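This report goes through one protein model, from its sheets to its ligand and its loops. Please keep the sequence and the structure in view while reading.

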Amino acid sequence: MYYQKLKKFPKNFLWGAASAAYQIEGAFDEDGKGPSIWDTFSKIPGKTFNGTNGDVAVDHYHRYKEDVRLMSEMGLKAYRFSIAWSRIISDGDGDVNPEGLKFYDNLINELIKYQIEPIVTLYHWDIPQALQDKYNGWESRKTIQAFKKYCQTVFKAFGDRVKYWVTFNEQNVFTAMGYRWASHPPNVNDVKRMYAANHIVNLANAEAINLFHQMIPQGKIGPSFGYGPTYPITADPNDVLAADNADDFNNNWWLDVYCRGTYPALVMNHLRDLGIAPEVTLDDEKLLKSAKPDFLGINYYHGGTFQQNQIEHPDKTTQHEKDFSKTDPYLMQPKGTQAQTPEMAMFNNVENPYLHKTQWGWEIDSVGFRISLRRVYEKYQLPIMVTENGLGAHDKLEDNNVINDQYRIDYLQTHITEMQRALTDGVNLLGYCAWSFTDLLSWLNGYKKRYGFVYVDRDDNGPKNLTRIPKKSFYWYRDFIQRNS
Ligand code: BG6
């Protein structure tokens, strides 16, 4: 280790926390909201942990004022949340629902009242069910037009007060989980369809960015990507090559499109050979090239370690084991099955012997955070907003309303220190949104996997009284923000 005098975070650095509509709002059918694919999927038996869903979630829809007041007590400079498309346009591309707009209008005004910068995600995985039924969701180009209409509506309504917008949250995760593993909606198990849907989302992302730049020239927009650095297991050049291949399949396949407007040649060639590549027209190529994000959102949880593939002729896709404890959205496949999927024959995901794990088996790798920020910044030269980073854990409510989550403080502290090292290295960073502000629904793990600074008194069996109780990490982050801004 070499000594480095750390640069201070800029005064206007956006110290924030994040959430997503389906995971916090509840009120799933109130005030004209239509169902999203998550409302439907979470009701299919066996798909989520103990059948948990977001019908009530943590009832943020009715308690947003209390939540924003807590944010201000904590001294948050920014709050990242997502808009539920089906609250704004219940059937996806029909009439606009004024009550849906009103909710977000109130929320934004409340944030501004406390000088908290709103960062709005347009799509955090909850396409209206009606579009899934009518067009097959992201498998149809018609959905791009519907998405544009929704974007136009919210840009017009909130563009005067919201400067930062995120287009898609973790496109890599929702396409893989939704179309490869059928462990998210729309519950599909077909890689060709996955690559096709992913291409449509790329086009929708580009259209939204171009539309935004026409409508809100003073604002900033970009996608949030679930990034993980790739490491070779040994210095054997074949393992190094495998880690490079994994980087292309897991990261560059999306980031190159977002930032350069082109697909990486290696992956595209390989998919074409296998007959599962998306169809890309000349107009598509032009569109992808024309859209330039203003920043890149990075969600960081962990990376992956790779070795050369040991299987000579992998020729069939294996089925995803239904074991929620092993679900890891960032590596495309659970460990051990990766090499057996046909288009992934070029690398094999293995354990990293140097890293500890969370209670849910995710590697804890704070140095990987610095590596990620440097790699992404050096390659694409765009300002980075950390839009998610945090620790999911079993928290315990002790006597006198104490939640002693020192492990979360340690996790956040070490990650923020590595982020500061990246800043010192020269990475241009706009802000950091910890995941999450309050406890919330973990898509597949119910309410027991907690991430929040604020404990919410509910469990997998029901909403209980939904009381908000600041955890020890709440006070730690409050003091940290005060010292650093
Ligand atoms: C990201 C998502 O994948 O990670 C969040 O953007 C999600 O919505 C978070 O909740 C943590 O994942 P999990 O599976 O632990 O809830």
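This is a predicted model: local features need pLDDT of at least 70, side-chain atom pairs count only at pLDDT 80 or more; totals for chains, interfaces and linings use all residues.

## The barrel

Eight strands make up a closed barrel, in the order E1-E2-E3-E4-E5-E7-E10-E11, and their pairing is parallel. On average, neighbouring strands of this sheet are turned by 30 degrees against each other, with direction ignored. Strands of a sheet pair through backbone hydrogen bonds, and the pairing can be parallel or antiparallel.

Strand E3 covers residues 117–123 and strand E4 covers residues 164–169; the two run parallel and are joined by four bridges. Within this pair, Val 120 stands opposite Trp 165 in E4.

## Helices against the barrel

Helix H10 spans residues 237–260. This helix lies across E5 and strand E7 (296–300), and runs at about 175 degrees to E5. H10 also lies across two strands of another sheet, E6 and E8, at about 165 degrees to E6.

## The open sheet

That other sheet is open and has three strands, in the order E6-E8-E9, with mixed pairing. Which strands stand at its edges? They are E6 (230–232) and E9 (348–350); each has a single partner strand, so one side of each is left without a neighbour in the sheet. From one strand to the next, the twist averages 45 degrees.

Strand E8, residues 304–307, runs antiparallel to E9, and three bridges join the two. In one of the bridges to E9, Gln 307 has Asn 348 as its partner.

## The ligand and its surroundings

There are 16 residues around the ligand, and those that come nearest are Gln 23, Glu 170, Ser 442, Lys 449 and Tyr 451. Sorted by class, the shell consists of seven nonpolar, six polar and three charged residues.

How far from a ligand oxygen atom is the side chain of Ser 442, taking its N or O atom? The distance is 2.6 Å. For Gln 23, a polar side-chain atom lies 2.8 Å from an oxygen atom of the ligand. Tyr 301 has an N or O atom in its side chain at 3.5 Å from a ligand oxygen atom. On its own, the ligand has 380 Å² of accessible area, and the protein covers 96% of this.

Most residues other than glycine have a negative phi, and most peptide bonds are trans.

Pro 185 and Pro 186 are joined by a cis peptide bond with an omega of about 10 degrees. Pro 186 belongs to the loop between helix H8 (171–180) and helix H9 (191–215). A cis peptide bond also joins Trp 435 and Ser 436, again with omega at about 10 degrees. Ser 436 sits in the loop that lies between strand E11 (429–435) and strand E12 (454–456), and E11 is one of the barrel strands.

Asp 31 has a phi near 50 degrees, which is a positive value in a residue other than glycine. The loop that holds Asp 31 lies between helix H1 (21–24) and helix H2 (37–41).

Note on methods. Residues are numbered from 1 along each chain as its sequence is written. Side-chain values use heavy atoms; hydrogens and water are left out. Two strands pair if DSSP finds at least two bridges between them. Axes are lines fitted to C-alpha atoms, for helices over the stretch in contact, and angles run from 0 to 180 degrees between N-to-C directions. Contact means heavy atoms within 4.5 Å. A residue is near a molecule or strand if one of its heavy atoms lies within 4 Å of it. A polar contact is a pair of N or O atoms within 3.5 Å; within protein, one must be able to donate a hydrogen and the other to accept it, and residues adjacent in sequence count only if both atoms are side-chain atoms. Accessible areas come from the Shrake-Rupley method with a 1.4 Å probe; for residues, only the protein chains shown count as cover. Ala, Val, Leu, Ile, Met, Phe, Trp, Tyr, Cys and Pro count as nonpolar, Asp, Glu, Lys and Arg as charged, and the others, Gly among them, as polar.
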